[in-house]
Amino acid sequence: MVEVVISMFIVSVTLVASLSLAPAMLRGDQELADRARAQQLGLELLAESEAAPFDDAPAGTGARALGIDELLESIGITLGGSGSGGALESAVATLGGSAGGFRSGSLGGSVESAELNRSLFTSISDYDGWFASPPESRDGTAYDELAGWAREVQVTFIDPATLDESATETGVRRVTVRVYRGEQELASVVSFRTEAGWEAR
Amino acid sequence: MKHAHIRIYSANAETNRRLDARVGLGSVGDLRATSRRRRGNTYLMILGVVTLLTVTALAGVSVLRANRAAISLDGDVAQARVLAKSAMQMGVQMAVDDIDGWRATLGDGAWLDGVRVDQESTVSLFASDETDGDIADDRFDEVTLTAVGRVNSAVQSIEAVLEIDVGGYETMAASVFSDDEMEIETDSIDVESFLGSNDEVEEHGEDIDEFGEIRIDGSGDAVHVGPMSLEMPPPEIALDELEAIGTRMSVESFPGYQIKNTVLTEKSNQFGPVNPRGVYIIDCANKKFVIRDSLIRGTIVLINPGGGSEMRNNMHWEPLYPTDPALVVFGDHEFQLSDSDVVTASITGAYIHPDDEDWVDAHDDSTLTGFIYVDGDLKIKDHFRLVGAVVVGGEVRLEGDVVIENGPNYAESEVVGFRRANGLRFKRGAWRRVVR
């Protein structure tokens, strides 16, 4: 009788442990798949940005390199004013929709538009502050199967000797692409672009 | 065949034992032992099942971990490869940032040695000269770069060859360009390209616009007055490169310190040994040195020319190779040429190598061809006919009749001594992955 009780106890403990492990394993499998996908999404955008010409426009300024006014005008938004964040947000609200846009930089607010996509970008600086949820292709086609995912780009000046950030133009840019699912950062990929390297390619 | 056994118990225990023994049955104690064995087997079976379940679970966890490690490694490898490519770009930037001195300052070996990108990643870059093992010895040698990106345990290395984009100086695109003042004292000047100066230009003649274009500020499509600021060829580099291929001759080898009524080529040289490239370097030792009434196919380099050194009368001159300069003077010089085409009449009795006879017969015209560089001041007095370009490190004064037609575009050519590293570029087809 004692042996039966002990055996039942061991079996129960084992079963409980196994059953509690199973969901974790399933979640782990899902997370692994997500991380692999996130890595690919990051590399995809990084590769795209590497094909963009280098320019000497200041990083950390969002679309300033292209000229945000020109950029917005090209998609039918005329600010007709100083280009403040409020005006931009208003313009965006007029257009509606949620797609890619800039959520950091000198604009003082986020800019999103269904018409704004990366095919309008003309240089590496244009990528700074780019954010899209769900991630989208260069021509603005959203990856619908990735609802809840997001992808953002940061471009900063870098001191080539130390790889530390610099406040001024150095001819070297660090491009960081981060991929999120919900609030969780699943991948972060980094490359460095240089003016001379671009010209030497 | 099964047999049924019926146990009949008596009141006597001994009788019972005998009966049991007779029918082959054990005692009550044996029955208890059998029962224990059965329970033990069940216990072992349960333990086995538990063990199996545990092992299966552990295997699942291990597989999960292995998958995680594999995916993580895949990501690290991809990131390491991107970082290696990035290191290549940074290497080019480091060289361009110190375009005149990078070969000496960066040199062979590590340009970036495990520079940390973040907590998990580093980049390294190594340079070598596969031609002769010394990056610094030749400013046009190719450089092999090996970049290493490291993320955790993932390492990716790539190799590329950096080649030099060689060209000339922008000043060499002019018909005549001077670093110092340019004085135009003629109303008969015809140039196909432009006249330019890094200093002011003074015009005392008339109607020069109709003959050509005077470009002062670099716009190239109008007459301007004002300084340009174009890079001049470094004379010390020109001398180094020409000495490397030329034959040095003493000024004492030239009677009267003149090249006069003669033929000077890579085969004909009555003043000394021939140079297979026709490049002769003459240290004038501050003596007045004159070149006149001769046919020259090659390059003359004059060092330390004395005052009044000049080229005069009838001359036919061209370099052996279009990428060799015709005349390089490290000092002041003058041109005062004749407009008659009777050069061959001047060389009667001169030594001519048999192989040069046909060339001499065919070139009786008084024309200069090629690139001319004068490090000091230059005065062009009369009947100057050139197919090429003149760059002057000092002042230039144009007098008399000047006609300059375009030769090759020397600004885009590789004229020996006047080549410039215009930039760096990755050699096509030279990228490859390596193990390092």
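1. Chain B contains five helices and 24 strands, where helices (H or I, at least four residues) and strands (E, at least two) are DSSP runs numbered from the N terminus. Of the 436 residues in chain B, 38% are buried; a residue is buried if 20 or more other C-beta atoms lie within 10 Å of its own, exposed if 12 or fewer, and partly exposed in between, with C-beta atoms placed from the backbone. Among the contacts in chain B with a separation of 6 or more, 60% are between residues 24 or more positions apart. Two residues are in contact if their C-beta atoms, placed from the backbone, lie within 7 Å.

2. This is a predicted model, in which local features need pLDDT of at least 70 and side-chain atom pairs count only at pLDDT 80 or more, while totals for chains, interfaces and linings use all residues. Residues are numbered from 1 along each chain as its sequence is written, and chains are lettered from A and ligands numbered from 1 in the order in which they are written.

3. Chain A has four helices and six strands, and from the N terminus on its elements run α-α-α-β-β-β-β-β-β-α. Buried residues account for 37% of the 201 residues in chain A. Of the contacts in chain A with a separation of 6 or more, 52% involve residues 24 or more positions apart.

4. Confidence in chain A deserves a separate point. The mean pLDDT of chain A is 74, and 70% of its residues reach 70 or more; pLDDT is the predictor's confidence in each residue, from 0 to 100. Within chain A, confidence is highest in strand β5 (residues 172-181), at a mean of 93, and lowest in helix α3 (residues 85-95), at 38. The pLDDT is below 50 over residues 61-68 of chain A, a stretch with 29 contacts in the model beyond near neighbours in sequence. It is also below 50 over residues 77-98 of chain A, where the model has 30 contacts beyond near neighbours in sequence.

5. Helix α1(A) has 49 residues, which at 1.5 Å a residue should span 72 Å; the end C-alpha atoms are 71 Å apart, in agreement. The expected span of a helix is taken as 1.5 Å times one less than its number of residues. The buried residues of α1(A) are A:Arg35, A:Ala38, A:Gln39, A:Leu41, A:Gly42, A:Leu43, A:Leu45, A:Leu46 and A:Ser49.

6. The contact between the chains takes 32 residues from chain A and 31 residues from chain B. On the chain A side, the elements that give two or more residues are α1 (2-50), β6 (184-194) and α4 (195-200). The most come from α1(A), with 15 residues. By type, the residues on this side of chain A divide into 17 nonpolar, nine polar and six charged. Here Ala, Val, Leu, Ile, Met, Phe, Trp, Tyr, Cys and Pro count as nonpolar, Asp, Glu, Lys and Arg as charged, and the others, Gly among them, as polar.

7. The largest nonpolar core has 65 residues, and those with the most contacts inside it are B:Met172, B:Val176, B:Ile282, B:Leu302 and B:Phe371. A nonpolar core is a set of buried Ala, Val, Leu, Ile, Met, Phe, Trp, Tyr and Cys residues joined through C-beta atoms within 7 Å. Strand β21 (residues 384-392) of chain B gives the most to this core, with six residues. Leaving aside neighbours within four places in sequence, B:Ile282 is in contact with B:Met249, B:Val251, B:Phe289, B:Ile300, B:Val301, B:Leu302 and B:Ile303. Apart from this core lies another, of 60 residues, among them A:Leu41, A:Phe131, A:Val179 and B:Phe126.

8. B:Gly417 lies in the loop between β22 (396-405) and β23 (420-426) of chain B. With 25 other C-beta atoms within 10 Å, B:Gly417 is buried. Not counting residues up to four places away in sequence, B:Gly417 touches B:Ile237, B:Ala238, B:Glu241, B:Leu242, B:Pro325 and B:Val328. B:Gly417 and B:Pro234 are 8.8 Å apart, C-alpha to C-alpha, and 183 residues apart in sequence.

9. Most residues other than glycine have a negative phi, and most peptide bonds are trans. A cis peptide bond, with omega about 0°, joins A:Ser133 and A:Pro134; A:Pro134 is in the loop between β3 (130-132) and β4 (149-157) of chain A. B:Asn304 has a positive phi of about 55°; B:Asn304 is in the loop between β15 (299-303) and β16 (310-318) of chain B and counts as partly exposed, with 16 C-beta neighbours inside 10 Å. B:Asn313, in strand β16 of chain B, has a positive phi near 60° and counts as buried, with 21 C-beta neighbours inside 10 Å.
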